[in-house]
Amino acid sequence: MSNQSTPPVLLAAHGAAVPPRPIRVVGIDLGTTNSSISEILLDPAEPGLPDPRPIEVEQATTQGPFTSIHVPSMVALCGAVEYIGEGARILRPQPARHGLKPNRDLFWDCKNEIGTRKTYHRAPEGYRSAREIGGKLLRFLFAAAKEQRPAPIDSAVVTIPASFQLAQRKDTLEAARLAGLTMLDGGCLLDEPTAAFIAYLASGGGAKNLESGNNLLVFDFGGGTCDVAVFKLLATDPGQPADIAPLAVSRYCRLGGGDIDRAIIIESLLPQLIEQNGLNGNDLDFDDKQAHVIPSLLAVAESLKVGLCREITRMRALGQKPAKLAALAQTLSGAYPCRLRSGKELQLHSPKLTATELNRALEPFLDKDTLHPREGEYVMTCSIFAPLKDAVERAGLAPADIDYCLLVGGSSLIPPVSDAIGGFFPKAETLRFNNTEEMLSAVSRGAALQALSLALNRRGIFRTVTGSSVSLRTKTGSKVLLDAGVELPFPASGSMETSDLTVPETALLETVPLRIELCDAEDRTLYAQQWDIEPPVNRGDPLLLTYRMDANQVFHLELSLAEDRGGTFRGAMENPLTHVVNPNSLRDQVLELEEQMRTGNLSATEKQHTVLRIAELEESLGRYEHALSLLRNLARHSPDANLLHRMALVCGRMRDFGREEKYYLESVNLNRKSGDAYFNLSLSKRGQGKNHEAADYADKAIATEDKPPYRVLKALIADKLRDAAERRSQLVLAFNSFDPIPLLSDWELHWLAQAAKLAGKDTLARECETEKSKRNRDETSEAEGLLPELAKGTGVVVVK
């Protein structure tokens, strides 16, 4: 079928010779949750321009073949059979029944781990990394295209999130190589928001209204990622590809519809499961929920969510009032089994999701005030306004400056989500695809159009240009290295070279700390590193700077002494002008440590320290049950007082006060020389309002080990019990026991400040606060180093 309304510029056919033979290209959306492939067959003998066509892919399942344009991004090895797509999705709810284990012979959500060092060490050869799983999916999709039509494929494009960094892009290319996609060229990776925008324009929706200077935001909220990209549309000469300047991107890896599904399970389905099976809240431990219940119910939660959202949308179209919409509910018929680690099987009958429960599950995802990622036991929540605000602000814009907002991804169809987006951009026109299927295939269709442009003209539909300048800071100001509006890569080949920088200081014996800083047109720091130049060196010695910015928006630079006396600084800044943010640094540390546990040659002591560090990080992320599970496994093999103490602390944060007290007292039994367990138990009792019990445990702490903070706590408890004499007595003993302020640990300094406040010693309290501030300043002191100086009369040349 031909689409005569397709804007010709989208096909990049200007100046292209008519191909002597049919041209066939494909575009692949390698998604976190679902993947798809679209093709274009351009036959010079046929009139008109062809539409991209999503390919119906046949997927083997245990219940027979299943055909759809959507392929779940999952792989399962069941017996001697490899299931990809729907077949693997069907097996996921009951892995134990089929002898499967996650990351051994059942794989999903692997895209979130591409570009990392994580390996699936229990998996067979060829399935041990995210890039290998990605290769299996790409090979499966590519094979489906070849099976349906014998014509050779001339060009292929694979899409990636806009904020994918260099390691993730390299791993995606490696996955394509493993899949046998040999026709890939320099433009074979395309950012998903750009692909969606191409598909939207190709559909003719609103293309005539877009003007040069418009700011476009693409909000791609899928099953596993939330990709936000801001572009500025730029004017071009007639007959040339359109220009877009990427202004900002922001990706929050673990924010997607799958997180909403998990929230629905924890908030709505798990209580139903517990009630229907006569359980209480503590009968299911972390492993039961994480490894068995949640995987079993993910498809149930997604079906309930999708069905309820469709009904809300339908009822809105009929003009139903909000009160009636709030009373809507979705129920699935039948029973859904959950087999636990013990072999016991639970049944969830007729699971139900109400509109009120959906809105409650969505609350943290639509919070305009709390924007930081919050990782609970089983659900990572982050507001969609975190990436939205981040991208808009880093683009130097306000919400009112956005002219168009294109909604992409299945999760953008959730009515409260689209409502929230519309309300956030007061002047923006919300752009939508004509129907759900068109939207869900948009990324692969846009990739196919890009592949056709590459096949015909060896260039993409849009030229990627810089939205701002990149400058190097010097002592006397900033030196522009890259102007705004420059097409990438820059230069087109080779590198740029400049020799008008000089060493800022003479040094005969010590190194010169040279500070290397890149900034944008608004003087915002993009990159900052230090290079220690080896002596001897003189002020005014010339420095040679070589730099380039590649098509993937990676800025590469090298700095060396022009006289080639050895020593070179090399650095790279990924996406300097789009300011990619990774808010999941703690989660990344956990993954790194877990990988060390799996693949590192660690001693028993090193393994114990690593597990303790993972547990500490998991506590910081709020994943207390997982932290407790890790600590409990350690204690099972080598119980000691410190481990039990840590377990008690975790239980306290979970407000599981029964187990908290049990573990503290077991800790005391293993170490009767320390009063810390009694002290923390006293703190807990005081926090619960059980002041008499708190006083008893404080006395036991003091009797075991007389420390000044123990006396301060006893004074605070006495104050609550209105025992003024005891309060005064304990404070006097405490003040007489504290060391001078500079010698106190941070913990002791905190309790001295508490004592000073309780005793009304304002001067002492101020001295404590001053010491705290001083210590904080020492920890966050500014980086040292000298900026280079700028010489006169020299220029920039291109090095081939």
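**Helix H18 and the overall fold**

In helix H18, the buried residues are Ala 677, Tyr 678, Phe 679, Asn 680, Leu 681, Ser 682, Ser 684 and Lys 685. Buried means under 20% relative accessible area, exposed over 50%, and partly exposed in between (1.4 Å probe, protein chains only). The model is predicted: local features need pLDDT of at least 70, side-chain atom pairs count only at pLDDT 80 or more, and totals for chains, interfaces and linings use all residues. Residues are numbered from 1 along each chain as its sequence is written, and side-chain values use heavy atoms, with hydrogens and water left out.

H18 spans residues 676-687 and has 12 residues. From first C-alpha to last, H18 reaches 16 Å, close to the expected 16 Å at 1.5 Å a residue. That expectation is 1.5 Å times one less than the number of residues. Cover for the buried residues of H18 includes helices H16 (641-653), H17 (657-670), H19 (691-704), H20 (708-720) and H22 (746-759). Contact here means heavy atoms within 4.5 Å. Just after H18, Gly 689 takes a positive phi of about 80 degrees.

The protein holds 23 helices and 33 strands. Helices (H or I, at least four residues) and strands (E, at least two) are DSSP runs, numbered from the N terminus. The radius of gyration is 31 Å, close to the 28 Å that the globule rule gives for 800 residues, so the protein is as compact as a globular protein of that length. The radius is taken over C-alpha atoms, and the rule is 2.2 Å times the number of residues to the power 0.38. Of the 800 residues, 51% count as buried. Among contacts between residues at least 6 apart in sequence, 64% join residues at least 24 apart.

Backbone geometry was examined next. Most residues other than glycine have a negative phi, and most peptide bonds are trans. Asn 103, not a glycine, has a positive phi of about 65 degrees. Asn 103 sits in the loop between helix H1 (86-91) and strand E9 (106-108). Its relative accessibility is 22%, so Asn 103 counts as partly exposed. Arg 655 also is not a glycine and has a positive phi of about 65 degrees. The loop between H16 and H17 holds Arg 655. At 61% relative accessibility, Arg 655 is exposed.

The peptide bond from Phe 490 to Pro 491 is cis, with omega near -10 degrees. Pro 491 belongs to the loop between strands E25 (477-482) and E26 (495-502). Pro 535 and Pro 536 are joined by a cis peptide bond, with omega about -5 degrees. Pro 536 lies in the loop between strands E28 (525-533) and E29 (542-549).
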